Amino acid sequence: MALNFDQALEKYEPTLGLEVHVELNTHSKMFCGCATEFGAEPNTQTCPVCLGLPGALPAVNGKAIESTILIGLALNCSIAPYSRFARKNYFYPDMPKNFQTSQYDEPICINGYLDVEIDTEEGKKTFRVEIERVHMEEDTGKSLHVGGSTGRIHGAEYSLLDYNRAGIPLVEIVTKMIPGTDKYAPQVARAYVTELRDILRSLGVSDVKMEQGSLRCDANVSLSPRGSGILGTRSETKNVNSLRSVERAIFGEIERQATRLESGERIIQETRHFLEESGLTRAGRSKEQAEDYRYFPEPDLVPVTPSAEWVEELRATLPEKPSTRRKRLQEAWAVPDKEMTSLINAELLDVVEETVNLGADPSKARSWWLGEISRLANEKDVSATSLVTASQVAEIIALISSGELTDKLARQVVEGVVNGEGTPREVIDARGLKVVSDDSALMAAIESAIAAQPDTAERVRGGNIPAAGALIGAVMKATGGQADAAKVRELLLKHLGQA
Ligand code: ZN
Ligand code: MN
């Protein structure tokens, strides 16, 4: 019988483990001077070192060491005064040396933690995710399987290899086992990867694009019968490449493992692949034990020995933590929790901050980005920030405050900018979207409204102020919404002897 998530959680407790690989954004590779740009012609960014030709000697990229130390410090790790590289031996066609230069028993950063906050029914909850290690290694090349229908090797006629990616600096960040997340396991995993991505971005060490593979997550899950204290066998879902998929993959694995255990089957220690379409995972290879890799110290590289002074210098350059920044902005802008969550989930925090820094009122900036602009973005299925810039939005908000635009006209200006009709100014001129604030033009419209509704005008003259609404509405309609309603009200009441 298949168990759903809630049934699975009634019987079992999940334990998580997360491994994240991040490609650093250094200009050259980890052990040679080859360029690292994404998307270059295949095999144009290679040399004897990253192709593993006999006799070629590697040298460590100093910038990569610096970036890794920064990551370790941001994750509250200790930085080892002495660490070494090791050869991790396995055969893979996209790995030209037949070993990956990595770190094994002597990683550069150890014993850190990252606190992540999630929203639950009982309010915000913080989970501490302990970090076991952060180490340096190198990426592999890429295989392209040609001729099959799926792009996988199965059914392909032949395969092509591109070694441009081989040797790009990778940092692997490994958590300790994360117990106690219970039904929040999928959310905690997602929050951890999100927070980690934001930290890496704030450090400027990677472009952290999950969809391009510069940040990849392997999610380990195991279940233990509730209250038993017995740790189950884990599975490892490889290379999950979006935040939402991290959450879905763990959700799906908890259901799959619980269902297997309920029907008396064992969980096999193996790698699994996440299937984007179904949210399920499919078996990969059975997982090697560490000894299968025949790790041994890399004889061609000297140990990494950062001085304490250098580490402290780097610590002094750490930027504000993303979580601290979020709290600071939320306070400064007086944003309710729920709206803050919407801003963060929509990835609009940066652009709203930019808009505010350009002089816009925080609440106006938020409501334009979360409201009208997000609505247009959803319609077009693109990101809000690809439609308009912070400075255009700030300009439009300024035009509203100065009375040159009403909210309604401003929406048309945004629409014009989004449709490529030019800058806000150009759209206003081309579409004739100026607010009618010319008193004589407004008075003419007011007089015809009064002429059309003499009884209403009489009631207003008699002191029935709310009745003026119908006349103001008529004026707004006659001016195509381009009049300033407050101004119309003022002129009208004055004209009828009520101001
Ligand atoms: Zn190279
Ligand atoms: Mn690795």
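A cavity is taken here as a set of points, on a 1 Å grid over the protein atoms alone, where a 1.4 Å probe fits but cannot get out; its volume is the space filled by probe spheres set on the points, which are joined across faces, edges and corners. In this predicted model, local features need pLDDT of at least 70 and side-chain atom pairs count only at pLDDT 80 or more, while totals for chains, interfaces and linings use all residues. Residues are numbered from 1 along each chain as its sequence is written, and side-chain values use heavy atoms, with hydrogens and water left out.

One cavity of 30 Å³ or more is present, and the largest cavity holds about 60 Å³ of space. Its lining (residues with an atom within 4 Å of a point) includes Cys50, Asp94, Lys97, Phe99 and Glu138. Five lining residues are nonpolar, three polar and four charged.

Cys50 also takes part in the metal site: its SG, with those of Cys32, Cys34 and Cys47, coordinates the zinc ion (ligand 1) at 2.3 to 2.4 Å (donors are N, O and S atoms within 2.8 Å of the metal, or 3.2 Å for Na, K and Ca). The arrangement is tetrahedral because the four donor atoms subtend angles of 99 to 116 degrees, where four donors qualify if all angles lie between 85 and 135 degrees. Along the sequence, the donor residues follow the spacing C-x1-C-x12-C-x2-C. Cys34 and Cys47, 13 residues apart, both sit in the loop between strand S1 (12-23) and helix H2 (62-74); helices (at least four residues) and strands (at least two) are DSSP runs. Cys34 is buried at 8% relative accessible area, and Cys47 is buried at 18%, buried meaning under 20% with a 1.4 Å probe and protein chains only.

Definitions and conventions: Chains are lettered from A and ligands numbered from 1 in the order in which they are written. Four donors count as tetrahedral if all angles lie between 85 and 135 degrees; four count as square planar and six as octahedral if opposite donors are over 155 degrees apart and all others between 65 and 115; anything else is irregular. Buried means under 20% relative accessible area, exposed over 50%, partly exposed in between (1.4 Å probe, protein chains only). On a 1 Å grid over the protein atoms alone, a cavity is a set of points where a 1.4 Å probe fits but cannot get out, and a pocket is an open set with protein on both sides within 12 Å along at least five of seven lines; lining residues have an atom within 4 Å of a point. Ala, Val, Leu, Ile, Met, Phe, Trp, Tyr, Cys and Pro count as nonpolar, Asp, Glu, Lys and Arg as charged, and the others, Gly among them, as polar.
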